[in-house]
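Me: Could you go through this one with me? I'd like to talk about a few side chains and then the aromatic rings.

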Amino acid sequence: SLCFASVSAAMCGNWGLLSLAEHVVQARTNGEVVPECFEKLLAKMLAVIEMRGAQAGGIACILAGESAEDSAWSCRVRVLKAKRGELCKSIFSSLHRKLARHHCLWRRLIPCCRKVPRKTLILQGHSRFGTSSAPAVIETHPHQWTPAQTRRVWSWDATNGWSWKIVDCTLTITHNGDFDAWRPYRDMVDVGVLGHWLDRILCVRSPAHGDSSKIAGVLELLACQSVWFHSVRLAFHLYIACHVEQASSWAPLGSSAPSSVPNDATIQVWASVFEEQFATVVSESGNPQRPLAEDTPTLAAFVHATIHALQSRGISHDLEKWIDVGRIPIFVRKAAEAFRDNDLLAATTAFLRRAEGTFGLTVASTLYPRQVVIAARGQPMSVGFCKGTMEDCPSLAVWSSERAALDAVVRSGGAKTLAISARLDLDDQFGEVVELSAPHLAAEETPAIDGFRVALTD
């Protein structure tokens, strides 16, 4: 499905693709993880995009789990272009080496598996000409704020109701443009100060100094659907705290300023209470698909039970060190809303509504391995849809910051499976956010039943 929502000259280029699992399988010729025809398609696009700048580049790869219960896997490579080298070859050579190491390890751990599994594939790439900082691998896209961390992620299905699993969480972005400031509270915060704030509230100090890495940090804070740890963290830092300098004991934020925020261990203690109460409420109410929907008895029961649990247990003293008793209901309510609503699309839209700057943006996460969000405001972004062997449904989506790059793919033609049949140019004047998602097929379903469907929603 594809959804978009309105939101009120950099020398870099975004590019990438999202493919249905069945089309990935059909496109492979030698059991490779990334089909060769996908690489050739992106190389044609990159040849055009490189005219924006080609001092450095990188690519992130996300493979969805074989089933809905399996975790996604991701890797990222970033390279600097040699003086007489070709950036595209450098990027994909590095990706092949990293994928090969992973595939060999996977086959040793699971000897009975000899084929690359059928998985939805996301490739999220970027080429860069240093503007806000000099060319360096650490400043090269795709950006992540926090390395992969394990989190407990909740999901619902018709057979088992609500359940959780431990997942490696990584959020990755690519960005064209300039990120100048963001508004966590009442006032805009300059991106430099914002970075010091993110160092503290995310409990990880990013080594990158450029503006784009801060986008990854803000989106990591905002994207928290189905993860109580992330939801509790967001509720505290955006709705209980009221100023960025609270994170540094009211000292001016800087690299040497102190840190005065709840650490990850404290957030986890609070989140465990939310998880326990959530499991109890959904079990007692028959495992509804949307237990936290607005104005429902289950939401009211969850908020009441969680407030009582937080105040009556041994953690109440530590909680009240950080949160006034009168603010605990707001804390619980905002965490519940974030757990319910803050997927990648909602997080990206919320980010842009509070941001100053220009943005050609892509966002992907191992939490949502069949989705990628693309945004444009002040920077162009276009999405093309390719038909595979399925006659009626696109099976591959590609995107680029240069419309000419998609035109180059159409003109090169040749392989019918990779011919672009439709294109969407995002509104970069007023701003637009697009979510692309590939449906997960059950084992008994066939590609003809459920292709890469496209639907637009205002």
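Reply: What follows is a short exchange about selected contacts in this model, which is a predicted one.

Me: Where does S401 lie?

Reply: S401 is in the loop that runs between β15 (394-400) and α12 (403-412).

Me: And is S401 buried or exposed?

Reply: S401 is buried, because its relative accessibility is 1%, and buried means under 20%.

Me: What does the side chain of S401 make a polar contact with?

Reply: There is a polar contact at 3.3 Å with the side chain of N176, and a polar atom of the S401 side chain also lies 3.0 Å from the backbone nitrogen of N14.

Me: Switching to rings, how many aromatic pairs are there?

Reply: The count comes to 19 aromatic pairs. In one of them, W154 and F278, the ring centres are 5.2 Å apart and the planes stand at 85°, so the pair is edge-to-face.

Me: Which parts does that pair tie together?

Reply: W154 belongs to strand β6 (residues 149-157) and F278 to helix α7 (residues 264-284), so the pair links parts that are 124 residues apart in sequence. Both W154 and F278 are buried, and both belong to one aromatic cluster whose members include W162, W228 and W270.

Me: What about F351 and F359?

Reply: F351 and F359 form an edge-to-face pair as well, with 5.5 Å centre to centre and 80° between the planes. F351 counts as buried at 0% relative accessibility, and F359 is likewise buried at 0%.

Me: Which ring does the charged end of R151 sit over?

Reply: The charged end of R151 sits over the ring of F229, 3.8 Å from its centre, while R152 lies over the face of W164 at 3.6 Å from the ring centre.

Key
Residues numbered from 1 in each chain as written. Predicted model: local features only at pLDDT ≥ 70, side-chain atom pairs only at ≥ 80, totals over all residues. Heavy atoms only, no water. Helix = DSSP H or I, 4+ residues; strand = E, 2+ residues; numbered from the N terminus. Buried < 20%, exposed > 50% of the residue type's maximum accessible area, 1.4 Å probe, protein only. Polar contact = N/O pair within 3.5 Å; in protein donor to acceptor, adjacent residues only side chain to side chain. Phe/Tyr/Trp six-rings, centres within 6.5 Å; stacked < 30°, edge-to-face > 60°. Lys NZ or Arg CZ within 6 Å of the ring centre and 35° of its normal.
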